[in-house]
Amino acid sequence: ERRDLERLRSKPTRTRDGVDIALYANAESREDVARAHALGAAGVGLYRTEFLFLQDRETPDEEEQFIAYRDAVLAMGGRPVTFRTLDLGADKADRAGLALANEDNPALGVRGVRLSLLYDAVFDTQLRAIVRASAYGPVRVLVPMVSCREEVLIVRRRLRRAVAAVRGRGVSVQVPPLGAMIEVPAAAIGVHGLADAVDFLSIGTNDLVQYLLAVDRNNDALGDLYSPLHPGVLRLVAHVLRAGNEHGVPVAVCGEMAGDARLAPLLLALGLKEFSLHPAGLLELRRAIRDCDLSQLQARAPRLLQARDRRGIERWLATA
Ligand code: PEP
Ligand code: MG
(Lines give C-alpha, C1' and ligand atoms only; values in the text may rest on other atoms or scores of the structure.)
(Ligands and ions follow the chains in the order given, each with its own letter.)
Protein backbone atom coordinates (compact mmCIF):
# COMPACT_ATOMS: atom_id res chain seq x y z
CA GLU A 1 0.00 0.00 0.00
CA ARG A 2 2.75 2.44 1.03
CA ARG A 3 4.91 1.27 -1.88
CA ASP A 4 1.93 1.64 -4.14
CA LEU A 5 1.69 5.31 -3.18
CA GLU A 6 5.44 5.89 -3.48
CA ARG A 7 5.23 4.72 -7.07
CA LEU A 8 3.06 7.79 -7.75
CA ARG A 9 5.86 10.26 -6.97
CA SER A 10 6.91 10.37 -10.58
CA LYS A 11 3.44 9.93 -12.11
CA PRO A 12 1.33 12.77 -13.53
CA THR A 13 -1.83 13.88 -11.74
CA ARG A 14 -4.15 12.99 -14.60
CA THR A 15 -7.77 11.84 -14.56
CA ARG A 16 -8.75 8.57 -16.25
CA ASP A 17 -10.05 10.58 -19.20
CA GLY A 18 -6.73 12.36 -19.62
CA VAL A 19 -7.17 15.77 -17.98
CA ASP A 20 -4.16 17.10 -16.06
CA ILE A 21 -4.84 18.50 -12.61
CA ALA A 22 -2.26 20.64 -10.78
CA LEU A 23 -1.34 19.66 -7.24
CA TYR A 24 0.43 22.42 -5.34
CA ALA A 25 1.73 22.14 -1.80
CA ASN A 26 1.00 24.19 1.30
CA ALA A 27 4.18 24.92 3.21
CA GLU A 28 4.94 26.37 6.59
CA SER A 29 8.53 25.22 7.00
CA ARG A 30 11.68 24.55 5.04
CA GLU A 31 10.93 20.81 5.34
CA ASP A 32 7.50 21.21 3.73
CA VAL A 33 9.10 22.90 0.73
CA ALA A 34 11.66 20.11 0.34
CA ARG A 35 8.89 17.52 0.54
CA ALA A 36 6.79 19.39 -1.99
CA HIS A 37 9.64 19.24 -4.45
CA ALA A 38 10.36 15.56 -3.78
CA LEU A 39 6.71 14.60 -4.31
CA GLY A 40 6.48 16.30 -7.66
CA ALA A 41 4.20 19.16 -6.59
CA ALA A 42 3.47 21.67 -9.37
CA GLY A 43 4.76 24.37 -7.04
CA VAL A 44 4.02 25.81 -3.63
CA GLY A 45 0.43 27.06 -3.72
CA LEU A 46 0.42 28.50 -0.23
CA TYR A 47 3.58 29.50 1.62
CA ARG A 48 2.40 30.62 5.05
CA THR A 49 4.93 33.43 5.70
CA GLU A 50 3.59 34.01 9.20
CA PHE A 51 5.52 31.00 10.46
CA LEU A 52 8.63 33.22 10.33
CA PHE A 53 6.84 35.73 12.52
CA LEU A 54 5.62 33.17 15.04
CA GLN A 55 9.02 31.78 16.08
CA ASP A 56 10.66 34.85 17.54
CA ARG A 57 10.06 37.77 19.88
CA GLU A 58 11.27 40.03 17.10
CA THR A 59 9.69 40.69 13.72
CA PRO A 60 12.05 39.24 11.08
CA ASP A 61 13.87 41.93 9.09
CA GLU A 62 14.06 42.15 5.30
CA GLU A 63 17.30 40.16 5.06
CA GLU A 64 16.05 37.29 7.21
CA GLN A 65 12.81 37.07 5.24
CA PHE A 66 14.62 37.37 1.93
CA ILE A 67 16.90 34.44 2.77
CA ALA A 68 13.97 32.22 3.78
CA TYR A 69 11.96 33.14 0.65
CA ARG A 70 14.93 32.80 -1.69
CA ASP A 71 15.77 29.37 -0.24
CA ALA A 72 12.19 28.23 -0.85
CA VAL A 73 12.33 29.47 -4.44
CA LEU A 74 15.67 27.73 -5.04
CA ALA A 75 14.41 24.50 -3.43
CA MET A 76 11.49 24.36 -5.87
CA GLY A 77 13.84 24.39 -8.85
CA GLY A 78 11.84 26.58 -11.20
CA ARG A 79 8.34 25.66 -10.05
CA PRO A 80 6.42 28.68 -8.71
CA VAL A 81 6.27 29.55 -5.02
CA THR A 82 3.15 31.41 -3.90
CA PHE A 83 4.02 33.59 -0.91
CA ARG A 84 1.02 34.51 1.14
CA THR A 85 1.59 37.86 2.80
CA LEU A 86 1.39 38.00 6.55
CA ASP A 87 -1.78 36.38 7.90
CA LEU A 88 -1.63 37.24 11.58
CA GLY A 89 -4.55 37.96 13.84
CA ALA A 90 -5.80 37.13 17.27
CA ASP A 91 -6.06 33.45 16.24
CA LYS A 92 -2.43 33.50 15.06
CA ALA A 93 -0.73 35.94 17.40
CA ASP A 94 2.98 36.61 16.87
CA ARG A 95 5.31 36.91 19.85
CA ALA A 96 6.50 40.34 18.78
CA GLY A 97 2.98 41.63 19.35
CA LEU A 98 1.92 42.89 15.91
CA ALA A 99 -1.43 41.14 16.23
CA LEU A 100 -3.86 43.24 18.22
CA ALA A 101 -4.81 41.85 21.61
CA ASN A 102 -8.23 42.14 23.21
CA GLU A 103 -10.43 42.49 20.16
CA ASP A 104 -14.04 41.66 20.99
CA ASN A 105 -14.41 39.67 17.78
CA PRO A 106 -10.95 38.51 16.70
CA ALA A 107 -12.24 36.51 13.72
CA LEU A 108 -13.86 39.71 12.44
CA GLY A 109 -11.03 41.96 13.48
CA VAL A 110 -7.67 43.14 12.23
CA ARG A 111 -6.53 39.96 10.48
CA GLY A 112 -4.61 39.16 7.33
CA VAL A 113 -4.35 42.01 4.84
CA ARG A 114 -6.04 44.34 7.30
CA LEU A 115 -3.11 43.95 9.69
CA SER A 116 -0.60 44.42 6.87
CA LEU A 117 -2.29 47.66 5.85
CA LEU A 118 -2.08 48.84 9.45
CA TYR A 119 1.71 48.47 9.59
CA ASP A 120 3.11 50.10 6.44
CA ALA A 121 6.77 49.45 7.22
CA VAL A 122 6.26 45.78 8.09
CA PHE A 123 4.26 45.18 4.92
CA ASP A 124 6.62 47.02 2.58
CA THR A 125 9.55 45.16 4.10
CA GLN A 126 7.85 41.85 3.44
CA LEU A 127 6.95 42.80 -0.14
CA ARG A 128 10.55 43.82 -0.86
CA ALA A 129 11.86 40.54 0.56
CA ILE A 130 9.44 38.57 -1.66
CA VAL A 131 10.29 40.66 -4.72
CA ARG A 132 14.02 40.12 -4.13
CA ALA A 133 13.42 36.37 -3.92
CA SER A 134 11.73 36.54 -7.33
CA ALA A 135 15.15 37.13 -8.89
CA TYR A 136 15.84 33.42 -8.16
CA GLY A 137 12.77 31.82 -9.74
CA PRO A 138 9.02 32.21 -10.30
CA VAL A 139 7.18 33.82 -7.40
CA ARG A 140 3.57 34.79 -6.83
CA VAL A 141 2.05 36.97 -4.12
CA LEU A 142 -1.19 35.91 -2.40
CA VAL A 143 -3.17 38.22 -0.14
CA PRO A 144 -5.17 36.75 2.77
CA MET A 145 -8.56 37.85 4.15
CA VAL A 146 -9.45 40.10 1.25
CA SER A 147 -12.97 41.43 1.65
CA CYS A 148 -13.09 44.02 -1.12
CA ARG A 149 -11.51 45.17 -4.38
CA GLU A 150 -9.99 48.28 -2.83
CA GLU A 151 -7.66 46.16 -0.70
CA VAL A 152 -6.32 44.41 -3.79
CA LEU A 153 -5.77 47.70 -5.60
CA ILE A 154 -3.84 49.11 -2.65
CA VAL A 155 -1.67 45.97 -2.41
CA ARG A 156 -0.94 46.10 -6.13
CA ARG A 157 0.28 49.69 -5.80
CA ARG A 158 2.45 48.74 -2.86
CA LEU A 159 3.81 45.73 -4.74
CA ARG A 160 4.76 47.93 -7.71
CA ARG A 161 6.50 50.28 -5.32
CA ALA A 162 8.44 47.39 -3.79
CA VAL A 163 9.53 46.32 -7.27
CA ALA A 164 10.70 49.87 -8.01
CA ALA A 165 12.67 49.95 -4.74
CA VAL A 166 14.40 46.65 -5.50
CA ARG A 167 15.18 47.76 -9.06
CA GLY A 168 16.62 50.93 -7.57
CA ARG A 169 19.21 48.74 -5.88
CA GLY A 170 20.23 47.38 -9.26
CA VAL A 171 18.39 44.03 -9.10
CA SER A 172 16.45 43.13 -12.23
CA VAL A 173 12.95 41.95 -11.25
CA GLN A 174 9.44 41.86 -12.70
CA VAL A 175 6.16 42.55 -10.87
CA PRO A 176 5.08 39.09 -9.61
CA PRO A 177 1.54 37.84 -10.30
CA LEU A 178 -0.84 38.97 -7.55
CA GLY A 179 -3.66 36.85 -6.17
CA ALA A 180 -6.39 37.13 -3.56
CA MET A 181 -7.58 34.50 -1.14
CA ILE A 182 -11.29 33.96 -1.23
CA GLU A 183 -12.22 33.31 2.36
CA VAL A 184 -14.71 36.06 3.14
CA PRO A 185 -18.25 35.29 1.90
CA ALA A 186 -18.74 38.73 0.32
CA ALA A 187 -15.47 38.34 -1.59
CA ALA A 188 -16.78 35.02 -2.91
CA ILE A 189 -20.23 36.31 -3.85
CA GLY A 190 -18.74 39.49 -5.33
CA VAL A 191 -15.84 37.67 -6.96
CA HIS A 192 -16.50 39.42 -10.29
CA GLY A 193 -15.27 42.63 -8.71
CA LEU A 194 -12.00 40.98 -7.72
CA ALA A 195 -11.34 38.78 -10.72
CA ASP A 196 -10.27 41.61 -13.02
CA ALA A 197 -7.99 43.08 -10.35
CA VAL A 198 -5.96 39.90 -9.74
CA ASP A 199 -3.91 37.38 -11.69
CA PHE A 200 -5.17 34.35 -9.74
CA LEU A 201 -7.48 33.36 -6.89
CA SER A 202 -7.21 30.81 -4.13
CA ILE A 203 -10.20 29.71 -2.07
CA GLY A 204 -9.38 29.34 1.62
CA THR A 205 -12.13 26.98 2.63
CA ASN A 206 -11.02 26.86 6.28
CA ASP A 207 -12.05 30.44 6.83
CA LEU A 208 -14.72 30.54 4.13
CA VAL A 209 -16.60 27.69 5.85
CA GLN A 210 -16.19 29.40 9.22
CA TYR A 211 -17.60 32.71 8.01
CA LEU A 212 -20.26 31.28 5.74
CA LEU A 213 -21.71 28.96 8.36
CA ALA A 214 -20.99 31.29 11.30
CA VAL A 215 -19.17 28.38 12.93
CA ASP A 216 -15.85 28.99 14.71
CA ARG A 217 -13.28 26.72 13.06
CA ASN A 218 -11.58 26.10 16.42
CA ASN A 219 -14.61 25.48 18.62
CA ASP A 220 -14.96 21.74 19.15
CA ALA A 221 -18.27 22.17 20.95
CA LEU A 222 -19.82 22.93 17.54
CA GLY A 223 -18.87 19.45 16.39
CA ASP A 224 -20.18 18.46 13.00
CA LEU A 225 -21.52 21.90 12.14
CA TYR A 226 -18.09 22.92 10.89
CA SER A 227 -18.03 21.11 7.56
CA PRO A 228 -17.53 22.00 3.90
CA LEU A 229 -20.26 19.48 3.04
CA HIS A 230 -23.05 22.04 3.17
CA PRO A 231 -25.07 22.91 0.04
CA GLY A 232 -24.35 26.61 0.58
CA VAL A 233 -20.61 26.02 0.66
CA LEU A 234 -20.63 23.92 -2.51
CA ARG A 235 -22.72 26.46 -4.38
CA LEU A 236 -20.41 29.27 -3.41
CA VAL A 237 -17.28 27.32 -4.38
CA ALA A 238 -18.93 26.51 -7.72
CA HIS A 239 -19.78 30.19 -8.20
CA VAL A 240 -16.16 31.27 -7.63
CA LEU A 241 -14.85 28.58 -10.01
CA ARG A 242 -17.29 29.67 -12.73
CA ALA A 243 -16.36 33.33 -12.30
CA GLY A 244 -12.65 32.50 -12.53
CA ASN A 245 -13.34 30.59 -15.68
CA GLU A 246 -15.30 33.47 -17.23
CA HIS A 247 -12.50 35.93 -16.45
CA GLY A 248 -9.68 33.60 -17.45
CA VAL A 249 -8.31 33.75 -13.90
CA PRO A 250 -7.05 30.45 -12.46
CA VAL A 251 -8.67 29.41 -9.18
CA ALA A 252 -7.18 27.03 -6.62
CA VAL A 253 -8.53 25.65 -3.37
CA CYS A 254 -5.95 25.77 -0.58
CA GLY A 255 -8.00 24.98 2.54
CA GLU A 256 -8.14 21.56 4.22
CA MET A 257 -11.00 20.64 1.92
CA ALA A 258 -8.53 20.33 -0.96
CA GLY A 259 -6.39 17.93 1.07
CA ASP A 260 -9.19 15.44 1.72
CA ALA A 261 -8.79 12.82 -1.00
CA ARG A 262 -12.32 11.59 -0.29
CA LEU A 263 -13.66 14.94 -1.56
CA ALA A 264 -11.63 15.02 -4.78
CA PRO A 265 -14.55 13.82 -6.99
CA LEU A 266 -16.73 16.58 -5.61
CA LEU A 267 -14.21 19.37 -6.26
CA LEU A 268 -13.46 18.02 -9.74
CA ALA A 269 -17.19 17.94 -10.49
CA LEU A 270 -17.43 21.61 -9.54
CA GLY A 271 -14.63 22.41 -12.00
CA LEU A 272 -11.53 22.66 -9.81
CA LYS A 273 -8.25 22.19 -11.69
CA GLU A 274 -5.76 23.30 -9.01
CA PHE A 275 -5.48 21.88 -5.51
CA SER A 276 -3.08 23.07 -2.83
CA LEU A 277 -2.58 20.88 0.21
CA HIS A 278 -0.16 19.78 2.89
CA PRO A 279 2.51 17.56 1.31
CA ALA A 280 1.54 14.68 3.64
CA GLY A 281 -1.65 14.10 1.62
CA LEU A 282 -0.31 14.77 -1.85
CA LEU A 283 0.23 11.23 -3.12
CA GLU A 284 -3.08 10.00 -1.76
CA LEU A 285 -4.87 12.83 -3.53
CA ARG A 286 -2.97 12.07 -6.73
CA ARG A 287 -4.16 8.47 -6.53
CA ALA A 288 -7.77 9.54 -5.92
CA ILE A 289 -7.71 11.90 -8.92
CA ARG A 290 -6.18 9.26 -11.17
CA ASP A 291 -9.20 7.09 -10.31
CA CYS A 292 -11.67 9.79 -11.39
CA ASP A 293 -13.36 10.24 -14.75
CA LEU A 294 -13.76 14.00 -15.09
CA SER A 295 -16.41 14.05 -17.81
CA GLN A 296 -18.57 11.60 -15.85
CA LEU A 297 -18.21 13.70 -12.71
CA GLN A 298 -19.06 16.92 -14.51
CA ALA A 299 -22.14 15.31 -15.99
CA ARG A 300 -23.24 14.57 -12.43
CA ALA A 301 -22.43 18.07 -11.12
CA PRO A 302 -26.01 19.37 -11.39
CA ARG A 303 -27.16 16.57 -9.07
CA LEU A 304 -24.47 17.55 -6.59
CA LEU A 305 -25.57 21.17 -6.59
CA GLN A 306 -29.17 20.11 -6.05
CA ALA A 307 -28.34 18.20 -2.84
CA ARG A 308 -30.40 19.60 0.00
CA ASP A 309 -28.27 18.54 2.92
CA ARG A 310 -25.08 16.91 3.99
CA ARG A 311 -26.53 13.43 3.61
CA GLY A 312 -27.45 14.21 0.04
CA ILE A 313 -23.90 15.32 -0.66
CA GLU A 314 -22.52 12.21 1.02
CA ARG A 315 -24.83 10.03 -1.06
CA TRP A 316 -23.56 11.75 -4.20
CA LEU A 317 -19.98 11.07 -3.08
CA ALA A 318 -20.71 7.44 -2.25
CA THR A 319 -21.75 6.80 -5.83
CA ALA A 320 -19.02 8.94 -7.44
C1 PEP B 1 -7.96 28.93 4.77
O2 PEP B 1 -8.52 29.77 5.48
O3 PEP B 1 -8.56 28.03 4.16
C4 PEP B 1 -6.50 28.94 4.62
C5 PEP B 1 -5.88 28.16 3.74
O6 PEP B 1 -5.79 29.78 5.42
P7 PEP B 1 -5.46 29.47 6.95
O8 PEP B 1 -5.90 28.07 7.26
O9 PEP B 1 -4.00 29.69 7.10
O10 PEP B 1 -6.30 30.51 7.66
MG1 MG C 1 -7.48 31.54 6.19
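Before anything else, a definition: a residue is called buried if 20 or more other C-beta atoms lie within 10 Å of its own, exposed if 12 or fewer do, and partly exposed in between, with the C-beta atoms placed from the backbone. I will also speak of helices and strands, which are DSSP runs numbered from the N terminus, a helix being H or I over at least four residues and a strand being E over at least two.

What we have here is a predicted model, in which local features need pLDDT of at least 70 and side-chain atom pairs count only at pLDDT 80 or more, while totals for chains, interfaces and linings use all residues. Residues are numbered from 1 along each chain as its sequence is written, and chains are lettered from A and ligands numbered from 1 in the order in which they are written.

Let me start with strand β5, residues 178-182. Four of its five residues are buried, so β5 is largely enclosed by the rest of the structure. Two strands are said to pair if DSSP finds at least two bridges between them, and β5 has such partners. With strand β4, residues 139-143, it pairs in the parallel sense over three bridges, and Val141 stands opposite Leu178 in β5. To get from β4 to β5 the chain passes through helix α7, residues 149-168, and this β-α-β crossover is right-handed, a term that applies if, with the strands pointing away from the viewer, the path from the first strand over the helix to the second runs clockwise. With strand β6, residues 200-203, β5 again pairs in the parallel sense, here over four bridges, and the bridge partner of Met181 in β6 is Ser202.

Now to strand β1, residues 22-27, where five of the six residues are buried, so this strand too is largely enclosed by the rest of the structure. Four bridges join β1 to strand β8, residues 274-277, and the two run parallel, with Ala25 standing opposite Leu277 in β8. Three bridges join β1 to β2, also in parallel, and Ala27 has Tyr47 in β2 as its bridge partner. Between β1 and β2 comes helix α2, residues 30-38, and together these elements make a right-handed β-α-β unit.

Let us move to the ligand. Which residues surround ligand 1? They are Leu46, Arg48, Asp87, Glu183, Gly204, Thr205, Asn206, Asp207, Cys254 and Gly255, where a residue is near a molecule or strand if its C-beta atom, placed from the backbone, lies within 6 Å of it. By class, this shell has two nonpolar, four polar and four charged residues; Ala, Val, Leu, Ile, Met, Phe, Trp, Tyr, Cys and Pro count as nonpolar, Asp, Glu, Lys and Arg as charged, and the others, Gly among them, as polar. Helix α10 gives the most to the shell, with three residues.

So what of α10 itself? Seven of its nine residues are buried, which leaves the helix mostly covered, and the cover over those buried residues includes β5, α8 (185-189), β6, α11 (231-247) and β7 (251-253). Just after α10, Ala214 takes a positive phi of about 55°.

Finally, the record. One UniProt "binding site" annotation, from an unreviewed entry, covers Arg48, Arg84, Asn206, Asp207 and Arg217; UniProt positions are given in the numbering used here, feature names are shortened, and annotations may be inferred rather than shown by experiment. Is Arg84 buried or exposed? With 26 C-beta neighbours inside 10 Å, Arg84 counts as buried, and its place is in strand β3, residues 81-84. Asn206, in helix α10, residues 205-213, has 15 such neighbours inside 10 Å and therefore counts as partly exposed. Not counting residues up to four places away in sequence, Asn206 touches Arg217, Gly255 and Glu256, contact meaning that the two C-beta atoms, placed from the backbone, lie within 7 Å.

Another "binding site" annotation from the unreviewed UniProt entry covers Glu183 and Asp207. These two span 25 residues in sequence, yet no two of their C-alpha atoms are more than 5.3 Å apart, so they gather at one spot. Glu183 is in the loop between β5 and α8 and is buried, with 27 C-beta neighbours inside 10 Å, whereas Asp207 lies in helix α10 and is buried with 23 other C-beta atoms within 10 Å. Leaving aside neighbours within four places in sequence, the contacts of Glu183 are Met145, Gly204, Asp207 and Leu208.
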